[in-house]
Amino acid sequence: MLVLPKGVRHMPGYLARPAQEALVEEIRRAVQAAPLYVPAMPRTGKELSVRMTNCGALGWVTDKEGGYRYQPTHPVTGEPWPPIPEALLQLWREVSAYPHPPEACLVNFYSADAKMGLHQDRDEKDFAAPVVSVSLGDDGLFRVGQNTREGGTKSFRLKSGDVVVLGGEGRLAFHGVDRIYPATSALLKNGGRINLTLRRVTVPG
């Protein structure tokens, strides 16, 4: 049995197939309003292998000039982000154990060759709130570690409908996606993986 770091929860198959299909339609509508774009690393300007967009009052963005940050508008269109789908707000209420709603939903699209290096989600002001993520589409190999890079890591496969929560001692755990397993799900017509990450950004006032 795989033992995960404290504060890290994996809930396999939390979303049934009909709920996944409905959520994909919601995300498609969001992407029409806020198109996927290619983000870039701070300073170097190296492009990430994922494409991304956001829903919510705030969206996480990164580029060479401005670095990692949250902002209320799409960096390409300048338009406000579309609202977070109600199904995701309900999911947050069910699994977050946090009394205030999320403010951002990062939408990452992984093609067959995309990956995400080990990183921490630490651009938020409120670490009391967890990070809640949902996997849709093809399987991905998820890696999670400790709160420092020196700690050991564990890897496990995330399937469509799985939910992961990083909270408490695991809120700042290093995590990433090592690879995608193509053609392991028929949820997305053209294949690939969507990861939705719900975050509270500001401290409730």
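Proline 130 is buried, with a relative accessible area of 6%, where buried means under 20% relative accessible area, exposed over 50% and partly exposed in between, for a 1.4 Å probe and protein chains only. This is a predicted model, in which local features need pLDDT of at least 70 and side-chain atom pairs count only at pLDDT 80 or more, while totals for chains, interfaces and linings use all residues. Residues are numbered from 1 along each chain as its sequence is written, and side-chain values use heavy atoms, with hydrogens and water left out.

The loop between strand S6 (116-119) and S7 holds proline 130; helices (H or I, at least four residues) and strands (E, at least two) are DSSP runs, numbered from the N terminus. Leaving aside neighbours within four places in sequence, proline 130 is in contact (heavy atoms within 4.5 Å) with Trp92, Ser96, Tyr98, Val165, Leu166, Gly167, Arg171 and Leu198.

## The nonpolar cores

A nonpolar core is a set of buried Ala, Val, Leu, Ile, Met, Phe, Trp, Tyr and Cys residues joined through side-chain atoms within 4.5 Å. The largest one has 28 residues, and those with the most contacts inside it are Leu88, Cys105, Val132, Val134, Leu136 and Leu196. Two or more residues each are given to this core by helix H1 (17-33), helix H2 (86-95), strand S5 (104-110), strand S7 (131-137), strand S10 (163-166) and strand S12 (193-199), and the largest share, 5 residues, comes from H2. Apart from this core lies another, of 27 residues, among them Ala104, Phe142, Val144 and Ala173.

Valine 134, again leaving aside neighbours within four places in sequence, is in contact with Leu15, Leu23, Leu88, Leu91, Asp162, Val163, Ile194, Asn195 and Leu196.

Two strands pair if DSSP finds at least two bridges between them. Strand S2 (residues 51-56) pairs with S5 in the antiparallel sense over 6 bridges, and methionine 52 stands opposite asparagine 108 in S5. S5 also runs antiparallel to S12, to which 7 bridges join it, with leucine 106 opposite threonine 197 in S12.

## The annotated region

The UniProt annotation "domain: Fe2OG dioxygenase", from an unreviewed entry, covers residues 101-202; such positions are given in the numbering used here, feature names are shortened, and annotations may be inferred rather than shown by experiment. Over residues 101-202 the chain is 0% helix and 46% strand, and the end C-alpha atoms are 11 Å apart.
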